[in-house]
Amino acid sequence: MSAEDREMVGTMMVDYDMDLDQLPYTAPPGDEGLDMSHVGGEYEAFEGLAHEVAGISGWYYPNETLIHHGYLGCAPLYPTVTISLCTLAAYRQTHRVCPTFSFQVQCKTLCFLHDIPYRPYLTTQLSGAFDVYLQILQRIDQCLCTALKCNTPNWHLLNACPACFYKLEDEPDLDFDWLDSTIYGMNVRVDSRKVRSDFWIDLNTVDKFNSKVRAHAAMPNQGDDALVDNTAVETNPAPFSCADQWKNAGPEMRKKMFSVFDESGIFIAACRHRFVHLACDMIRSGELAKYPLAIIDKLLAVYGKGGASAYNIWCNSYLGSRAHQLGFHLMVGAFHRHSHNRKCQLDWHPMYIPGTGHSEGEGCEHIFSASNALARGTRHASTFHRHQVIEQHFAFWNDDKYATLSKIFSALKSVQTLTVELSTIKAELDITDDDFPRYILQELPNLHHAEMLVAHVEHQLAVEGRWEIGGDEYNQFKMEACLGKYRTALDDLERLVVMRLFELSKLSLSGTGYKVCQQIGKALQWHSEAIRNAINRYNVQAISWKDIADYSFLGDEDWAKPAHREATMKYFKLCRAHEELTRLNVEIRCLHTAIHTEQVQTTAVIEDLWLSDLKLAEELQRQWCSRAAINAVHLHRLDRIECLAGFSGVRDVGLLIARSTT
């Protein structure tokens with residue numbers, strides 16, 4: 001306790017005629033010589049005093065008295081160490097922002113500030129007190145959710161991102177009502193405690209899809225609500241299957257390392273604004289089809305039709321009849337397109353799928369770039385503590401994404417830029433907008449023909465397996481190719497130097513006229529540039545890709561020319577940018593409506609709680625002040641967006657369509 005709190009407790013005891021000198025005071029067991037500072041008040045060692053304070057305060061347990069004064073004991077009955085709630089709140093927020101900030105670091109920091117030696121048992125006590133603190137916060141949130149009527153099933157999924165999942169009357173139809181991305185992230189002690197939120201999909205639910213995957217692998221023609229296991233593709237791979245390039249799609253026999261870990265990672269689901277909605281543990285395995293299956297099944301059950309999801313190996317999988325009936329669409333994220341062949345990209349890349357807008361399908365990569373730091377502090381934690389840390393991190397991540405939600409509503413500039421660039425290119429190449437889709441239709445059969453031709457040549461040459469990067473054949477050919485470039489550059493340089501030497505010898509021959517010498521001198525000066533270029537080629541020993549791309553090795557068709565291919569990409573980017581504008585017009589109005597609805601409902605609940613539950617009303621008022629400040633920033637940004645010259649959306653607040661929560 002702080003010096004002021006100690007003085008206040010002493011005054012209370014004097015008022016009750018209690019002798020301060022007769023109170024027993026001992027240090028924690030095993031550390032009788034430990035002297036603790038009371039400057040900051042984060043830690044306090046005492047014994048007997050807690051029991052006496054509990055008696056004079058009217059509460060039965062000492063922790064009841066301590067919590068009333070802003071402290072939390074580290075033992076359930078007679079604590080000898082207390083921690084202030086301010087310290088626990090500061091650590092909670094610090095850890096959510098910086099996942100590598102552990103209990104041990106916090107405890108050592110406090111010990112240094114109080115000029116006391118660090119003791120390992122203090123870290124254990126801090127961890128236990130923090131668990132109780134989070135449980136208190138969770139109980140308060142439960143009470144607030146009940147008052148706000150936010151405790152209905154799937155309420156979190158339906159309201160996590162107002163821009164994505166608010167449905168208003170008279171809003172334009174979109175190709176996809178909701179866009180989602182699913183991917184995995186890397187990371188036992190016995191702990192019987194369970195997670196307290198609906199954020200996780202339990203292991204039993206995930207394992208239900210394991211049997212469906214195996215059934216599809218055996219009978220791929222059967223229609224069911226599941227994905228085909230990638231092993232079916234691996235046993236009979238196509239000539240140019242993307243499964244050969246994407247290592248995570250390999251069979252489990254190449255992933256024995258994952259069996260060492262009880263929990264080898266997590267799968268998550270996040271919307272296009274990077275709000276995290278669901279997660280499930282990967283148990284003793286790498287990426288299996290049952291994990292995205294379980295997540296997608298939950299998403300389809302809650303959100304219904306008109307959805308789409310991005311995942312790095314969707315091209316080697318398909319969904320059952322239920323997903324097709326709901327119009328669920330699959331695609332491959334833009335970041336992972338480099339591991340897929342061109343034909344696959346034309347079918348699965350978001351840029352070529354109408355309705356995706358600017359959604360690149362890689363929101364989870366951004367999320368994991370921040371959450372990977374959790375692995376260091378959770379790899380040896382129990383399941384409960386691991387889930388607790390991940391929940392805290394993603395809860396703050398969602399709050400942070402909500403605070404910046406109105407910043408991403410900007411696509412008008414990209415539309416204007418692409419329109420100007422594409423107009424210039426079309427004028428130079430003498431093409432129209434109708435030519436770009438035709439180029440894609442012409443490219444697909446040519447790619448298929450090229451694949452068949454390569455497969456036929458490989459069969460004729462009896463090529464059993466292709467070279468792999470790093471293999472013996474690959475390294476040998478690479479060395480021979482480098483040596484060949486070196487010899488070619490050396491021969492060219494030698495030829496030019498010898499030619500110039502012969503020309504120089506003519507200058508010293510008798511009988512050579514003045515004009516001839518002048519011509520030879522100019523020729524030497526002009527040819528010196530060729531020698532200089534030869535020396536550069538000799539040093540570089542390679543040809544730039546720009547030079548290679550200019551070769552017409554694909555024929556004279558327009559779709560194969562580099563300029564036409566670049567123009568085609570800009571055309572499809574412009575199409576997606578226009579779709580993004582349409583979607584943003586809807587999402588801006590949804591966010592505006594969500595803020596208005598939240599303000600009306602929360603204000604009404606606070607007024608009711610002032611009459612029925614004063615403490616709960618104060619807590620809700622405190623939380624609402626922070627939320628209202630963020631909403632005020634959103635409204636300011638939305639007003640600026642709506643005042644733009646090119647804004648084509650609706651400016652007023654919409655009417656929310658009633659949604660089913662079952």
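Arg-342 counts as partly exposed, at 25% relative accessibility. That label means between 20% and 50% relative accessible area; under 20% is buried, over 50% exposed (1.4 Å probe, protein chains only). Arg-342 pairs with Glu-443 in a salt bridge, with the closest N and O atoms 2.8 Å apart. Glu-443 sits in helix α18 (residues 435–460) and Arg-342 in helix α13, so this pair ties together parts 101 residues apart in sequence. Glu-443 is buried, at 3% relative accessibility.

Some ground rules. This is a predicted model, where local features need pLDDT of at least 70, side-chain atom pairs count only at pLDDT 80 or more, and totals for chains, interfaces and linings use all residues. Residues are numbered from 1 along each chain as its sequence is written, and side-chain values use heavy atoms, with hydrogens and water left out.

A salt bridge here is a side-chain nitrogen of Lys or Arg within 4 Å of a carboxyl oxygen of Asp or Glu. The count by this rule is 14.

Next pair. Arg-274 and Glu-360 form a salt bridge at 3.9 Å, N to O. Arg-274 is in the loop between β5 (263–271) and β6 (276–283), and Glu-360 is in the loop between α13 (342–348) and α14 (363–371), so the pair ties together parts 86 residues apart in sequence. Helices (H or I, at least four residues) and strands (E, at least two) are DSSP runs, numbered from the N terminus. Glu-360 is partly exposed, at 27%.

Last pair. Arg-627 bridges to Glu-598, with the closest N and O atoms 2.9 Å apart. Arg-627 belongs to helix α23 (residues 614–642), Glu-598 to helix α22 (residues 562–612), 29 residues apart. Arg-627 is partly exposed, at 28% relative accessibility.
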